[in-house]
Amino acid sequence: MNLRHLSAAIAGKPAPTGNFCVVANFVKIAVICGSWLASDGGRTITAKLSALLLTSLLSLNVFAAPAQLKVQAHLNPSEGAMVGGLVELQLDVLTDTWFTSAAALPDLQLDGALVMPPNGQAQHLNQTIDGQSFNGLRYSYLITPNVERSFDIPALTVRARLGQATEEISAQSQPLSFSAAQPPGFAPGETPLVASGLRLKQIVTNSATPLKVGDSITRELTLQADGALAMALPIPTFSDVAGLSRYAKTPQVKALDDGRGNILGGQRIDSASYRIDSAGTFTLPAIRVKWWDSAAKQIRSAEVPAVSFEAAANNAYKPVFSLAEDLRQLQQNHLHFSSRWLLWLALAVGLAVGVYLLRPVAVHAHQRWLAHKRAKQLAWQHSPAFAWQQIAPQLQARPAQLTALYLWLRRSRLGLKLTGAGPRLQGLLRGLYGRQSAVEQTLVQLRQSLSTLQSQVARQQAKPAPALRPLNPVHEKDFT
């Protein structure tokens, strides 16, 4: 086989992929450089070399290093933290492969400090550790100390799922600590506001112009601080003024960011409305905020000016209610209890207690009365009189029935034979069931003779009953 035929044979086979390209190239070089490929022995050696290289490549994949997860923690600033200031805990989560899902971050709580967890935004990182490339994300915990003391941050455990890993992997950061000092110019125990910049402004809105009694004036303060948490901003003081009723509104607190999720500071908006209760001249005092400039390392203050205004009298205004006036009247009037009302109250309480105590007895008595009523009704339904009332309607029905008549005789202890009620009833039965029966005429006669039949039965019941039972009773139940 010449070189052209050998090349055609190799080209007719499927092209290898991946790491098998190295094997194919090696085989191709061996074919060109050796003349022994012309024989069958050459093909055998080529196959063995290919299998050996393939086994080596698979062994490399099997013994590849497992995926790594590293967690590093840093404090910014690392020292010089201030009470009321902001300390950023940077948590770097790194891997040498890739993340298949978001990392699970732990909760962090510190006594005497306000901690804001990561908001879902993270910074992408690429680092080289011990000559190996790692990539990952940096998360930030924002900490504001409220007291002057040392704070210990424990080791934080992060869990994540990585590529080329069969199960979830966890790693811990190193523990850290920092100390917070009280800024100069603030009293011990006072929580200062520490920021790199601060802005304070106010907006005053009148409900009417000119102001009169019954109108209101609204004072709104907006405080913005750079490098501070919104939850750590101080609450301004709205003073009470004589002749005005103050009504505070719910504050609006939010974080200031750069539009990409990075927190730059905080904002707080407080508002209060003052209702004018009397005519005169009024002044809302100035409001001052003291803060520590972390950039210039000195104490500063921001202030909004006082608000002065006049209110004229308004004779047409009548307040809906006045709590102060009601309290004043309650203080002037002494409480007086009427003995008659106390008696009625005691009587009502006693009646309620009596009803509560007698309720079980009343319930039991009511149940006994219902049981007696049901027993009486059941006895009436099993009496001869009840059966007698059913005879006339059954005789008038079409077809007529004698069920009630038999029931009446049985309950009157005359047995089940109609002949036992008298010879007249026996003649009527021949008219109903005889060979020459006249049903309609017989039924009319039977309805007419019901009163006579009842009196005959009453006379028979008045006779003393024989002491001996019949020698040949037809039905034993006739005598029950």
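Ala, Val, Leu, Ile, Met, Phe, Trp, Tyr, Cys and Pro count here as nonpolar, Asp, Glu, Lys and Arg as charged, and the others, Gly among them, as polar. The structure is a predicted model, in which local features need pLDDT of at least 70 and side-chain atom pairs count only at pLDDT 80 or more, while totals for chains, interfaces and linings use all residues. Residues are numbered from 1 along each chain as its sequence is written, and side-chain values use heavy atoms, with hydrogens and water left out.

A cavity is a set of points, on a 1 Å grid over the protein atoms alone, where a 1.4 Å probe fits but cannot get out; its lining residues have an atom within 4 Å of a point. Grid points are joined across faces, edges and corners, and the volume is the space filled by probe spheres set on the points. Across the whole structure, the search finds 2 cavities of 30 Å³ or more. The second largest cavity has a volume of about 40 Å³. Its lining consists of Leu200, Leu221, Thr222, Leu223, Pro236, Arg268, Asp270, Ile287 and Val289. By class, these residues divide into 6 nonpolar, 1 polar and 2 charged.

Strands and helices are DSSP runs numbered from the N terminus, a strand (E) having at least two residues and a helix (H or I) at least four. At least two lining residues of the second largest cavity come from each of β13 (216-226), β16 (263-276) and β18 (287-293). The most come from β13, which gives 3 residues.

Arg268 and Asp270, both in the lining of the second largest cavity, also form a salt bridge with each other, their closest N and O atoms being 2.9 Å apart. A salt bridge is a side-chain nitrogen of Lys or Arg within 4 Å of a carboxyl oxygen of Asp or Glu, and by this rule the count comes to 10. Arginine 268 is buried because its relative accessible area is 10%, and aspartate 270 is buried because its value is 7%.

Arginine 275 pairs with aspartate 277, with the closest N and O atoms 2.9 Å apart. Here arginine 275 is partly exposed at 23%, and aspartate 277 is partly exposed at 33%. Aspartate 258 meets arginine 260 at 3.4 Å, N to O. Aspartate 258 is partly exposed at 28%, whereas arginine 260, at 61%, counts as exposed.

Elsewhere in the chain, 3 strands form an open sheet of mixed pairing in the order β2-β10-β7. Its edge strands, each pairing on one side only, are β2 (81-82) and β7 (149-153). Two strands pair if DSSP finds at least two bridges between them; β2 and β10 (residues 176-181) run in the parallel sense over 2 bridges. Alanine 81 has alanine 180 of β10 as its bridge partner.

Glutamine 182 lies in the loop between β10 and β11 (193-195). Glutamine 182 counts as buried because its relative accessibility is 17%. Its side chain makes polar contacts (pairs of N or O atoms within 3.5 Å; within protein, one must be able to donate a hydrogen and the other to accept it, and residues adjacent in sequence count only if both atoms are side-chain atoms). One reaches the backbone oxygen of alanine 187 at 3.1 Å, and another the backbone oxygen of glutamate 190 at 2.7 Å.

Technical notes. 1 Å grid on protein atoms, 1.4 Å probe; cavity = no way out; pocket = protein on both sides within 12 Å on 5 of 7 lines; lining within 4 Å. Buried < 20%, exposed > 50% of the residue type's maximum accessible area, 1.4 Å probe, protein only.
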